[in-house]
Amino acid sequence: MVLTRTRVLSGMAAVVAAALVLFFWPREEPGVKDAVTRRIIAMTSAAEEKDVGEVMEGVSERFKTTEGWSKQEVRSILTAQVLRGQWVRIFTTDIDVHEVSPTQGDFQARFIFGRSQADKLEDLARDSVLNAYSIEGTFEKEADGEWRVVKAKQRRLDPSELL
């Protein structure tokens with residue numbers, strides 16, 4: 001078999017066409033539980049990296065807490081915490097998400113903040129000052145296709161509740 005320019009170009013065109021088909025092939029969108037859980041984990045990681053902007057990407061402009069805090073007030077509090085460097089590690093436990101509709105999910109999770117370099121939650125308690133909160137809220141899929149938290153309420157946890 002002789003490789004001619006036409007055969008080489010045809011082969012390359014076939015490879016490019018196959019790559020385009022694979023790239024644009026419709027992907028199954030994650031369900032509400034997976035989408036909300038992923039968003040919570042991503043926001044927690046961003047907070048631990050002290051990336052306030054990335055955390056706030058997951059908060060809707062319509063956001064309100066039961067205390068009446070808006071997105072801007074939460075941003076101010078989070079920024080103050082980051083600048084003070086009060087916590088180093090953040091662990092999320094007991095994430096529970098319930099699908100309300102295809103575009104809404106209610107969640108409850110525990111967030112544990114500590115001043116430590118611990119990699120595991122078990123090690124955090126040994127050598128750290130802890131603050132822990134239970135947060136309940138609602139995520140909604142907004143017009144741009146992104147999942148954002150629209151309401152939340154928090155309750156500070158006693159250390160005995162972590163065991």
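Reply: Let us begin with accessibility: at 37% relative accessibility, Glu-146 counts as partly exposed. As background, this is a predicted model in which local features need pLDDT of at least 70, side-chain atom pairs count only at pLDDT 80 or more, and totals for chains, interfaces and linings use all residues. Residues are numbered from 1 along each chain as its sequence is written, and side-chain values use heavy atoms, with hydrogens and water left out.

Me: Why is Glu-146 called partly exposed?

Reply: Buried means under 20% relative accessible area and exposed means over 50%, with partly exposed in between (1.4 Å probe, protein chains only). The value for Glu-146 is 37%, so the residue counts as partly exposed.

Me: What makes the contact between Glu-146 and Arg-39 a salt bridge?

Reply: The term requires a side-chain nitrogen of Lys or Arg within 4 Å of a carboxyl oxygen of Asp or Glu. The closest N and O atoms of Glu-146 and Arg-39 are 3.4 Å apart, so the pair qualifies. Glu-146 lies in the loop between β4 (130-141) and β5 (147-156), and Arg-39 in helix α2 (residues 32-48), 107 residues apart. Here helices (H or I, at least four residues) and strands (E, at least two) are DSSP runs, numbered from the N terminus.

Me: Why do Glu-142 and Arg-62 fall into their accessibility classes?

Reply: Glu-142 has a relative accessible area of 18% and is therefore buried, whereas Arg-62, with 48%, is partly exposed.

Me: What makes a set of residues a nonpolar core?

Reply: Such a core is a set of buried Ala, Val, Leu, Ile, Met, Phe, Trp, Tyr and Cys residues joined through side-chain atoms within 4.5 Å. The largest one here has 23 residues, of which Val-36, Val-55, Phe-107 and Phe-139 touch the most other members. Its largest share, seven residues, comes from α2.
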